[in-house]
Amino acid sequence: MSIERSSGPVGLALAPGVLPAPVLALAAIAMAALALAGCGLGAGPTPGGVGLLVTRDFGAGALRVPSAPRVQGSETVMSLLMRNATVQTRYGGGFVESIDGDSGGRSAAGAPEDWFYYVNGVEAPEGAAQRRVHPGDRIWWDLHDWSQSEGVPAVVGSFPEPFLHGIEGRRLPVRVECSSPRGGACTRVAHALLALGVPAGVSTIAPSDEAQTLRVLVGPWATVRDDPAARSIESGPRASGVYARLSADGRTLTLLDPEGHATRTLTSGAGLIAATRYSGGAPVWVLTGTDAGGVDLAAGAFAEGPLHARFAVALMPPSTVLALPRPSP
């Protein structure tokens, strides 16, 4: 069973046909919405510049990458997917079971796998039949193991989103917060955004209650970790959705596989680019490293090419980009 919602799949361990009340309620809502909206199709302007990506295993395997997905009228994420792929659903059409024959369920190793979707790099809080598609949206479906994290709240693989078109059709203010606001890494990140037409304020790193501001934290981990959103990465994917751990002193970066096992530990010169969310606010991007060299690597990889279709990335000298999570050894 595949459930595309922010809190992750539920009900997989129950007997066949037995669903908890929350899932039954969601299914009823989904069926009612579909009956009223015809699976999300309707009159209205067709959103332009929409992207669609379908992958598995945290972006490691590309299943469908249409260069120009077919879009018609007032689309929902579900109707757009159905227009461009073969989709099987369950519970009145509210949940995706399979895309082009790839189904959720259990992996060969017994781990739970299901379909999740992201719009502009943000895991959506509602079912795909309820989520409207806005101009410029980048929609990404991925089939992956959720044993270590029922939800990955934000990913970096839809860059330059969400900076360019924002969230749910609304562009958000952007602020680059740096341990050294006049340093080279900070300047490089701010210039990269400006080149995309995204002006950003620049400041020192400080905890913020501005929930509707996209924040990009730039600096060595020893300084970045003072921010509570960033510090959740130390606790692993269950807390942050990021399949890596930095030590509290910032000297080591441990890379994790989908089951949460350490696959490699990086030390000097290592960098990390990841995104997470804190208390339901806008995504917080973290460009950090074990030292200044690692931060410079992260700033240099703040671009579409190195980040495309990746949940997060680690970097090591001289310019190696490692997708996260790492494959199991």
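Student: What joins E14 to E15, and do they run parallel or antiparallel?

Tutor: Four bridges join the two strands, which run antiparallel. One example is leucine 255, whose bridge partner in E15 is arginine 264. Before we go on: this is a predicted model, in which local features need pLDDT of at least 70 and side-chain atom pairs count only at pLDDT 80 or more, while totals for chains, interfaces and linings use all residues. Residues are numbered from 1 along each chain as its sequence is written, and side-chain values use heavy atoms, with hydrogens and water left out.

Student: What makes E13 and E15 edge strands?

Tutor: Start with the sheet: three strands make it up, in the order E13-E14-E15, with antiparallel pairing, and the sheet is open. Strand E13 (244–246) and strand E15 (262–266) each pair on one side only, and that puts them at the edges. On the E13 side, three antiparallel bridges link E13 to strand E14 (residues 253–256). There, leucine 246 has leucine 253 in E14 as its bridge partner.

Student: Why is one side of E3 and of E5 left without a neighbour?

Tutor: They belong to another open sheet of three strands, ordered E3-E4-E5 and antiparallel in its pairing. E3 and strand E5 (102–103) are at its edges with a single partner strand each, so one side of each has no neighbour in the sheet. E3 and E4 pair over four bridges in the antiparallel sense, and glutamine 88 has serine 98 in E4 as its bridge partner.

Student: Why is E12 described as largely enclosed?

Tutor: Six of the seven residues of strand E12 (residues 214–220) are buried, so the rest of the structure largely encloses this strand. Buried means under 20% relative accessible area, exposed over 50%, and partly exposed in between (1.4 Å probe, protein chains only). E12 also has two parallel pairings. Five bridges tie it to E10, with glutamate 177 facing its bridge partner leucine 217 in E12. Six bridges tie E12 to strand E17 (residues 284–289), where the bridge partner of valine 218 is leucine 287.

Student: How do you know that H2 is mostly covered?

Tutor: By counting: in helix H2 (residues 77–84), seven of the eight residues are buried. They are Val77, Met78, Ser79, Leu80, Leu81, Arg83 and Asn84. These buried residues pack against several strands, among them strand E1 (51–56), strand E2 (61–64), strand E4 (95–99) and strand E7 (112–119). For the whole protein, buried residues make up 53% of the 329 residues.

Student: Why does glycine 169 count as partly exposed?

Tutor: Its relative accessibility is 49%, so glycine 169 falls in the partly exposed class. This glycine is found in the loop between E9 and strand E10 (174–178). Its C-alpha atom is 8.2 Å from that of valine 133, 36 residues apart along the chain.

Student: What share of contacts in the protein join residues at least 24 apart?

Tutor: Among contacts (heavy atoms within 4.5 Å) between residues at least 6 apart in sequence, the share that join residues at least 24 apart is 63%.

Conventions: Pairing = 2+ DSSP bridges.
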